[in-house]
Amino acid sequence: MDPNRSNRRGFLRQTAALASVAAGAGWAVRGQSAHAQHVHGESPRRGARYRVDHMTHYTPLQDYAGIITPAPLHFMQQHSSEFPEIDPQQHRLTIHGMVDRPLSFSMADLKQLPSVSRIHFLECHGNSSPAIHGSDDPNLGLPVQFVHGMTSCSEWSGVPLSVLLHEAGVHKGASWLVSEGGDAGKFTHTLPLAKAMEDVIVAYGQNGEPLRVEQGYPIRLVVPGWEAPFSVKYLRHIKVVDQPYMAWNESMNHSVSRPDLGGKARWYHFQFGPKSVITRPSAGLNMPGRGYVQITGLAWSGAGTVTKVEVSTDGGRSWKEAKRHAPVLPRAHTRFTFDWAWDGQEAVIQSRCTDDAGEVQPSLTELTKNWGMDAADWKKTPLPRAIHFNAIQPWKIARDGSISDVLFA
Amino acid sequence: MSCSLRFLLPAMIAAIPVAALAQSPPRVYPNVGTPLSQADIQSFDRMIGPEGKELPSGRGTVKEGAEIFAKRCEVCHGKNGENGLMRSLVIGGPGKPYRGPFYGEERNGPSYYPHATIAWDYINRAMPPSNPGSLAPNDVYALVAFLYYWNGIIKENDVMDEKTLPKVVMPNRNGFVPAVPVYPPEKKPSWF
């Protein structure tokens with residue numbers, strides 16, 4: 001019997017969820033998130049969305065300081081309507097396939113091995129998607145939360161995956177890994193072996209505490225700088241292979257047809273480009289009045305370290321360098337601030353990130369061109385699907401101090 | 001060092017026959033973790049690759065699949081995979097495979113998948129959500145036959161088994177290009 005298999009309680013919750021959808025509720029019953037809330041004693045939250053086949057938490061980027069996202073506020077995208085209940089005493093991570101020594105590791109084994117703690121962002125491949133700009137769902141929070149809040153940053157603790165792969169002894173000719181989670185949907189993702197040997201962590205800790213259930217308790221992969229679907233939660237099997245498997249999650253959910261490729265999709269998108277967003281002031285908030293105001297936000301890049309953040313307060317006509325606050329770490333959020341005095345006139349504020357690969361965050365116009373699209377395409381319904389969306393985000397301040405999202409205006 | 005030798009020595013002795021065949025450097029932490037036997041691996045190794053090498057033996061027909069679908073899948077996916085609570089599993093129709101474009105909801109069914117084995121692998125491991133892993137191999141072959149027939153990918157009398165399934169040519173097989181950038185990156189920009 002598979003110890004990670006979903007149980008009858010899970011089925012009952014699923015059934016309840018289906019019933020609520022069938023009744024036209026559109027939202028699943030609160031019971032779907034009750035597990036996490038019960039475990040951590042938290043009340044239902046703003047910036048959350050529960051549907052029958054997935055659950056989402058958006059990080060309130062506007063509400064915290066520094067770079068560490070508090071663990072309960074870390075974004076979450078779960079492709080099922082429940083969290084698995086995994087007994088850490090029973091849980092095993094297996095490494096098999098093209099290896100000399102197939103091995104199984106208990107939680108105690110993993111904690112016995114050399115550990116690392118590193119600060120890295122995670123980001124959903126669909127974060128900042130054009131499709132979610134302009135959502136009118138009041139429960140989702142401010143635009144900076146529901147548009148850009150599928151990224152978060154934590155200190156992750158665990159064993160380097162390279163240590164485990166070395167123990168198993170990877171065959172020459174092996175080039176990819178397929179990782180499987182112990183959730184009901186058996187979330188599965190392929191990862192290039194070269195990246196696995198570089199900096200991937202089998203994490204059991206987040207910001208000093210065990211992983212939360214919605215973050216993959218008891219263990220998950222953390223694949224720094226790459227789209228978060230690579231960071232498989234509830235990790236239980238790693239199979240070493242010689243080709244990408246294109247499992248259901250990665251072929252259906254995580255690929256997208258691209259106009260610049262004649263409508264074809266890429267097998268994979270890996271790391272994120274340079275990106276930043278002003279978190280305060282941002283759309284939905286109000287300016288406190290004329291005079292001094294600190295502009296603050298987050299910048300990050302999948303390629304490495306943020307080397308420069310610039311802020312424009314005149315709609316991109318001129319740019320000035322913002323202050324980056326320590327620590328400035330590779331593949332981690334970087335906090336920036338910019339001192340400004342608002343004169344009470346209409347203004348458009350935005351930020352732009354440069355990374356140590358020399359890449360600069362693109363404007364919407366530049367990104368549109370890269371995707372092989374026409375600017376007018378963004379007015380179509382439904383909006384074209386784009387992933388790894390890292391266009392510069394402009395916020396417009398009106399004379400009355402109200403702030404709105406004008407990216408597609 | 002002497003304190004660990006007591007633990008390391010039996011492991012080292014046990015490892016000698018394997019080490020003689022091994023291609024890789026020896027273990028650094030041989031006291032941690034448990035070796036897996038082939039029987040252990042067979043008990044959980046259900047991830048199916050594009051060539052279907054891991055597929056178990058079994059067979060299923062479109063007709064059998066229709067019966068199983070009605071019993072196990074219709075509650076969420078709707079009759080014949082359409083108009084259910086979930087997004088439609090069917091695009092095109094029998095004899096008329098859909099070949100694109102795949103910009104939006106068209107991506108939801110098996111017509112989008114690059115390999116014929118993907119639907120089998122996912123249904124086998126993850127469906128139905130109330131009791132994933134509970135379908136027998138014959139059931140999964142039958143369900144795949146049923147879905148592929150309604151999507152115009154196979155004919156009504158085609159039988160799906162471990163030999164025929166990997167040979168099914170998916171209508172969108174050429175709808176994917178290799179990952180760009182490759183990893184490790186060859187040149188900048190490495191992210192777009």
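Select Gly169 of chain A. This residue sits just after helix H5(A) and takes a positive phi of about 75°. The model is predicted, so read every stop on this tour as a feature of a prediction.

**Helix H5 of chain A**

Step back to the helix itself, residues 161–168 of chain A. Which of its residues are buried? Pick Leu161(A), Leu164(A), Leu165(A), Glu167(A) and Ala168(A). Now look down the axis of H5(A). The buried residues fall within an arc of 155°, so they line one face of the helix. An α-helix has 3.6 residues a turn, so residues three or four places apart point the same way.

Keep S4(A) and S5(A) selected. Both belong to an open sheet of six strands with mixed pairing. Trace the order: S9(A), S8(A), S13(A), S4(A), S5(A), then S1(B). The strands at the edges are S9 (188–192) of chain A and S1 of chain B. Each has a single partner strand, so one side of each is left without a neighbour in the sheet.

Zoom in where the chains meet in this sheet. S5(A) and S1(B) run antiparallel, joined by two bridges. Select Ser104(A); its bridge partner in S1(B) is Thr34(B).

Move to residues 265–266 of chain A, strand S14. Two bridges join S14(A) to S4(B), and here the strands run parallel. Select Ala265(A) and look across to Phe176(B) in S4(B).

**The whole contact between chains A and B**

How many residues does each chain give to the contact? Chain B gives 55 and chain A gives 68. On the chain B side, colour strand S1 (34–35), helix H2 (38–44), helix H5 (117–126) and strand S4 (176–177), which each supply at least two residues. H5(B) gives the largest share, five residues. Colour the chain B side by residue type next: 36 are nonpolar, 13 polar and six charged.

**Strand S20 of chain A**

Next, select residues 334–342 of chain A, strand S20. Nine bridges join S20(A) to strand S16 (residues 291–300) of chain A, and the two run antiparallel. Thr296(A) has Thr337(A) as its bridge partner in S20(A). Now find strand S19, residues 323–324 of chain A. S19(A) also pairs with S20(A) in the antiparallel sense, over two bridges. Here Arg324(A) has Phe336(A) as its bridge partner.

Zoom out. Chain A has eight helices and 23 strands. Of its 409 residues, 54% count as buried. Take the contacts in chain A between residues at least 6 apart in sequence: 71% join residues at least 24 apart.

Notes:
Residues are numbered from 1 along each chain as its sequence is written. Chains are lettered from A and ligands numbered from 1 in the order in which they are written. This is a predicted model: local features need pLDDT of at least 70, side-chain atom pairs count only at pLDDT 80 or more; totals for chains, interfaces and linings use all residues. Two residues are in contact if their C-beta atoms, placed from the backbone, lie within 7 Å. Helices (H or I, at least four residues) and strands (E, at least two) are DSSP runs, numbered from the N terminus. Ala, Val, Leu, Ile, Met, Phe, Trp, Tyr, Cys and Pro count as nonpolar, Asp, Glu, Lys and Arg as charged, and the others, Gly among them, as polar. Two strands pair if DSSP finds at least two bridges between them. A residue is buried if 20 or more other C-beta atoms lie within 10 Å of its own, exposed if 12 or fewer, and partly exposed in between; C-beta atoms are placed from the backbone. The arc is that of the directions from the helix axis to the C-beta atoms.
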